[in-house]
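Please have the sequence and the 3D view open, and let's walk through them together.

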Amino acid sequence: MASDRPIHASGPAASGLVPVARGGERKAIALQTALERLAPGPLGDRPDTPDEVITAVRRLPPVEARYAPFPDALDPRLRAVLERRGIRQLYSHQAEVFGHVASGRHVVVTTPTASGKTLCYNLPVLNAVLTEPETRALYLFPTKALAQDQMAELHELAGLLGEAGGGEIGVHTYDGDTPQDARRTIRTRAHVVLSNPDMLHSGILPHHPRWAKLFENLRYIVLDELHAYRGVFGSHLGNVLRRLARVCRHYGSSPQFICSSATIANPRELAERLAERPFVHVAENGAPRGEKLFVFVNPPVVNRELGIRRSYLAEARRVAGEFLRRGLQVIVFAQSRLATEILTTYLKEDFEDAGLPDLIRGYRGGYLPNRRREIERGLRDGLVRGVVSTNALELGIDIGALDVAVMAGYPGTIASTWQRAGRAGRRESRSAAVMVASSAPVDQFVVRHPTYFFDASPEHALVNPDNLHILVNHVKCAAFELPMTTGEVWGSVDVQEVLGVLQEAGLVHRSGGDENGQWNWTSESYPADAVSLRSISSDNFVVVDRTRGSTVIAETDFTSGPSMLHPKAIYIVEGRLYQVERLDFDGRKAYVREVDCDYYTDAIDYTKVTVLERFASDARGVANHGEVHVVSRVVGFKKIRFYTNENVGSGELDLPEQQMHTTSYWLEVPREVMAALPFAADDRRDGVFGLAFAMKQVASLLLMCDQRDLGLSIDNSGSGLSAETAQRPDAGLEAPRIFLYDAYPGGIGFSQPLFGMHHQLAARTRDLILGCGCESGCPSCVGPVGHTGPQAKTVALRLLDHLVEASAARAVGPATAADEVPF
Amino acid sequence: MARDLGDRLRQVLGTVPRLAPETRAPEPRACPAGPGGASPEAAAALGGRLVEREDGAVIVIERRYPSAARYGRSRIGDLVDALLGGSDALATLARVWPASAGARGDALCFVDLETTGLAGGAGTQAFLVGCAVADADGITVRQFLLPGFEHERALLAELDAWAPVPHALVTYNGRSFDLPLLETRYLFHRRACPFAERPHLDMLHAARRLWRSRPAIAGPPLDDDSCRLTVLERHLAGVARVGDVPGFEIPSRFFQFVRDGRPEPLAAVVEHNRLDLVSLALVTARAIGLVQRGPAATANARECLGLGKIFARAGAAENAEACFAHAADLAGRVGREPQVRGEALKWLAWTRRRAGRLAEAAEAWRAILDTPGCPRALRREAREALAIHHEHRSRDLESARAFVLDVLADDDEARRADAEHRLRRIERKLQRRVPGGLMAALDESS
């Protein structure tokens with residue numbers, strides 16, 4: 001993590017997985033051997049070989065440190081404490097941030113893992129506290145665990161400063177776990193409060209009078225892991241920060257922002273969008289880095305006609321095994337909770353013979369905090385030799401630096417791929433990152449075009465704080481906290497009109513005139529309680545294990561509840577299989593019992609989209625953007641056998657449907673285009689499905705968003721069906737529509753840029769299908785044969801020819817889609 | 001082209017189903033406008049006057065309850081007499097009570113708030129602050145009513161200007177609700193709260209000890225109505241309110257007043273607050289009377305037991321013991337309330353043990369075992385206490401053994417291990433004693 005923390009050699013050598021690597025040299029040899037076995041040939045940059053199993057090996061050379069002297073403005077006591085800890089100078093970026101903060105600017109600094117990020121904000125903050133003891137700072141971390149993590153280090157620094165005559169510097173975490181009797185002290189005494197956006201939202205802002213001391217003297221707001229605030233969470237945070245700014249104004253303070261972010265395309269823009277203030281960006285990093293080898297693995301093709309490759313999970317298991325066997329500490333990132341559990345099961349099994357399957361652990365959101373802390377500790381101590389995780393460990397949770405990061409599947413974005421790769425690597429020694437591609441089109445595109453990944457800029461983080469669903473809730477909270485004035489503005493939305501509608505609902509009351517009037521909260525409720533920042537709805541399901549008594553073993557958010565916890569679903573926690581016996585939908589509980597079986601389940605859902613309003617379309621009405629109503633329901637499930645992935649059964653389900661309004665891009669294939677296709681109705685339908693499948697993949701690549709951020713639905717005159725289900729109507733498709741919608745109520749801003757990129761989307765989709773080597777469809781283009789039908793590929797291409805032609809020829813007028821991304 | 005923002009918002013909020021403009025329900029019809037909150041007319045309609053300050057206005061309502069007036073079966077004059085002469089009793093009732101505070105009874109200020117909600121936080125306001133002060137001629141209630149949200153500063157300033165410095169406060173649940181809320185309002189406006197740091201008696205706790213109807217053995221029930229002021233005033237003085245406004249309706253009546261400026265629906269809220277204040281004075285006076293006159297004044301065993309607990313908590317062990325003994329006696333004799341009797345005896349035993357009168361404590365424990373219908377948990381506790389007593393104090397090992405065996409006969413897993421351990425030890429001692437006699441006993445005591 002931080003540069004100023006001593007680097008520990010890897011954990012206890014008693015790995016048991018063994019040949020035990022003792023010390024750096026043994027470890028270097030182990031890594032070398034494993035890599036040579038994995039990717040025979042020179043271990044340095046080599047030409048890409050897209051058709052091989054190893055498509056790329058890149059060597060990221062070690063980087064020398066760049067230093068800067070301690071700034072003159074640095075308090076001598078702080079300087080002395082740093083020197084006592086062995087820090088005699090700063091990295092250049094730390095000094096640069098210090099300078100900007102000193103001159104009153106809001107700063108965002110991009111720093112990779114382990115580059116001394118924390119000093120970037122701790123230095124200016126502690127310096128200000130030393131100079132002016134009334135100074136207060138608020139640190140926000142995306143999770144409670146990260147705040148706890150930072151606490152230890154900051155507390156130590158504050159302690160040393162106290163000994164050095166810096167007075168008592170109060171540093172406290174404030175979250176849901178803070179005991180009631182400690183809260184009062186923290187509110188008045190803490191110089192630095194470490195918290196998270198959720199606590200700020202529901203525990204601090206609504207009680208701001210009790211925090212008067214903090215708000216009156218608040219000079220710095222630190223947002224760590226800024227890149228985590230994208231999508232729904234970021235859109236919520238933008239609104240929480242608007243509320244924070246109002247409260248600060250009330251107490252006469254106007255704090256400065258210091259933000260740190262992993263490398264993304266638009267850190268400054270993101271910071272500015274969230275905080276609504278101008279920022280300077282410190283991009284040049286002065287921290288040294290060890291050498292890293294980055295390897296791309298494409299599982300070998302096992303059936304050329306069907307375009308079927310060896311399972312990427314099996315391949316990831318093999319790759320991870322190579323490293324684990326040699327005593328190296330490995331983190332494996334999987335793309336979903338299910339994949340995490342499956343890989344954990346596989347790897348535990350592989351190392352069962354070593355007698356110590358507990359050296360391999362799974363890790364994901366939904367595990368209870370104690371279990372997570374235990375695993376993190378195990379990783380730092382070196383007792384856990386391998387961990388399989390979802391993106392939950394991508395953020396800066398302190399798990400020490402590991403030797404190897406294996407990614408089972410392309411993480412979906414360039415930014416998070418680098419972030420995950422950064423989990424392996426120490427300053428001094430060599431590390432490795434391996435990406436194993438799945439057969440998904442995006443993965444195949446990336447693994448076969450390594451330069452796309454290695455040379456491209458990482459993604460934009462998108463937020464939409466003006467999403468009405470999100471914004472309205474925060475306007476309520478704001479009115480509760482401080483009366484809204486009639487002159488108040490709130491993003492780009494007419495907040496006065498919002499308040500007017502809230503008044504209709506009896507939630508606020510306006511008094512006074514237009515000039516100096518105010519809106520007061522007139523409800524007995526506490527509005528923050530009803531809003532969760534992590535989702536648009538705050539509901540969740542808990543998983544109750546009834547094997548022995550009744551224990552809550554996990555939880556899951558409301559939206560994924562039905563697909564993960566439907567009756568008879570196999571729910572997996574760290575490789576243990578549980579079957580859902582009953583889903584209490586209204587009580588939001590799933591009752592499970594441990595079972596022993598050789599399959600897992602995959603839910604089948606059904607989605608229907610209705611257009612509510614068309615905001616824009618191209619001249620011919622092929623590409624469209626507008627507001628839609630989405631109804632989805634889990635209608636059944638498949639049983640899939642472990643290892644072989646064969647379908648061994650299925651079941652039907654009758655679960656309540658979920659509904660939302662959101663924004664969507666959609667494609668309307670004109671009736672005459674469909675009619676002109678010289679193919680049978682079935683083949684035409686296959687073509688539409690294949691086209692939709694490929695388009696969705698390309699769309700998420702172009703938008704650089706998570707696959708799950710986009711929903712896909714295809715319909716024909718109102719009869720909806722999801723392309724990802726086996727459900728198909730008997731009727732053909734005369735005038736199909738393909739919807740790619742924002743998978744969040746109200747939309748987070750994906751569909752509009754998609755509409756803007758319509759041409760690019762069609763052209764890239766065409767390239768993908770055309771360039772694929774399979775005969776008649778495979779998972780990497782239009783979907784696997786058997787899923788799509790023999791003519792899918794041909795028909796999809798013909799459709800694209802028509803569409804590209806049609807929209808290119810006729811696109812005129814003001815509503816024309818511009819071929820650029822309106823970020 | 002884009003749908004109207006208002007419509008989309010209504011849909012997001014789920015307030016009004018999306019309808020075409022012509023079919024949309026008409027706006028809720030405005031009630032005939034009242035005089036407006038901050039008007040002399042509204043103030044007059046509520047029996048008060050409008051005080052205008054530079055930062056807003058506040059309605060101040062004053063009402064006197066003269067000594068000669070009656071409140072249920074009680075005479076206001078009697079309440080006042082009790083309050084004025086109650087300073088020592090107040091020290092017994094309150095947890096912290098500086099000797100100087102309330103040295104004269106007229107320095108007591110009863111406080112009760114009506115608020116816009118129970119949730120707390122910056123958005124919960126006190127729209128009515130009621131204060132009652134007793135003097136030789138009666139009780140004066142002074143209420144400060146918020147005529148509109150924008151006037152809060154004025155209300156707080158007016159309250160500040162009025163609140164005379166030496167007053168000690170009496171509230172009902174004010175320690176956790178009313179006072180923190182009021183402090184938050186002052187903090188919100190960044191003023192000092194005039195009630196901070198005052199001596200404060202929260203009568204809820206004493207009232208619970210004295211009058212909670214359910215026995216406390218099972219722990220305090222979460223939602224216990226028996227100590228609500230409206231219940232207590234009926235029970236203690238036969239007061240029956242007519243047309244009282246239910247608590248849950250109070251915030252919405254204020255919101256309605258703010259919206260339409262019509263004061264009438266608030267009249268009942270103002271009256272409710274006033275009666276709560278007089279009842280609080282009544283309850284306090286009654287408690288003072290009990291403390292002053294001791295067990296003989298109590299109406300029943302339960303009240304007497306509660307009074308004993310109040311004395312015990314205040315460190316008045318002698319008074320406490322007298323109450324517990326009397327309560328046990330009453331409960332056994334009159335009401336045949338074995339639970340109350342058992343509890344009174346337990347407290348009696350504790351009090352005596354603390355005073356070092358072990359034999360008498362054991363007598364009380366034994367009395368529990370002699371009370372038919374006493375709860376099982378109490379009987380077990382009595383047996384354990386007696387086993388300890390006989391093993392260590394009276395050194396009657398045979399009796400100790402008998403009590404442990406009784407405990408073991410009681411099928412309670414949690415206590416079993418302790419009891420078995422004790423039994424083994426007693427039996428070891430018994431074995432040693434048989435041959436060793438006095439010598440062994442001396443050995444053990446060394």
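In chain B, 45% of the 446 residues count as buried. Please keep in mind that this is a predicted model. The secondary structure of chain B comes to 18 helices and nine strands. If you take the contacts in chain B with a separation of 6 or more, 62% of them are between residues 24 or more positions apart.

Now the other chain. Chain A has 823 residues, and 53% of them count as buried. You will find 24 helices and 33 strands in chain A. Here, residues 24 or more positions apart make up 73% of the contacts with a separation of 6 or more.

Next, let's go inside. A general point to start with: in soluble globular proteins, nonpolar side chains tend to be buried together. In our model, the largest nonpolar core has 244 residues, and those that touch the most other members are Val332(A), Leu343(A), Val406(A), Ala408(A) and Val436(A). Which helix gives the most to this core? That is helix α21 of chain A, residues 681-703, with 11 residues.

You can find Tyr600(A) in strand β27 of chain A, residues 599-617. Is Tyr600(A) buried or exposed? It is buried, because 21 other C-beta atoms lie within 10 Å and the cut-off for buried is 20 or more. Not counting residues up to four places away in sequence, Tyr600(A) touches Leu338(A), Ile570(A), Ile572(A), Ile640(A) and Phe642(A). Arg289(A), on the other hand, is 311 residues from Tyr600(A) in sequence and 42 Å from it in space, C-alpha to C-alpha.

Helix α23 of chain A, residues 758-771, has 14 residues, so at 1.5 Å a residue it should span 20 Å. Its end C-alpha atoms are 20 Å apart, which agrees. Several residues of α23(A) are buried, among them His758(A), Leu761(A), Ala762(A) and Thr765(A). Where do the buried residues of α23(A) fall, seen down the axis? They fall within an arc of 160°, so they line one face of the helix.

On to strands. In chain A, strand β22 (residues 540-545) pairs with strand β23 (residues 551-557) in the antiparallel sense, over six bridges. Phe541(A) stands opposite Thr556(A) in β23(A). The two strands form a hairpin with five residues between them, and in the turn Gly549(A) has a positive phi of about 65°.

Chain A also has an open, antiparallel sheet of three strands, in the order β19-β21-β20. The edge strands are β19 (484-485) and β20 (508-511), each pairing on one side only. Two bridges join β19(A) to β21(A), residues 518-521, and Thr485(A) stands opposite Gln518(A) in β21(A).

Last stop: two residues other than glycine with a positive phi. For Lys568(A), phi is near 75°. Lys568(A) sits in the loop between α19 (561-565) and β24 (570-573) of chain A, and it is partly exposed, with 14 other C-beta atoms within 10 Å. For Arg190(B), phi is near 55°. Arg190(B) lies in the loop between α6 (174-188) and β9 (200-202) of chain B. Why does Arg190(B) count as exposed? Because it has 12 other C-beta atoms within 10 Å, and 12 or fewer counts as exposed.

Methods. Residues numbered from 1 in each chain as written. Chains lettered and ligands numbered in written order. Predicted model: local features only at pLDDT ≥ 70, side-chain atom pairs only at ≥ 80, totals over all residues. Helix = DSSP H or I, 4+ residues; strand = E, 2+ residues; numbered from the N terminus. Pairing = 2+ DSSP bridges. Core = buried A, V, L, I, M, F, W, Y, C linked by C-beta atoms within 7 Å. Expected span 1.5 Å × (residues − 1). Arc of directions from axis to C-beta. Contact = placed C-beta atoms within 7 Å.
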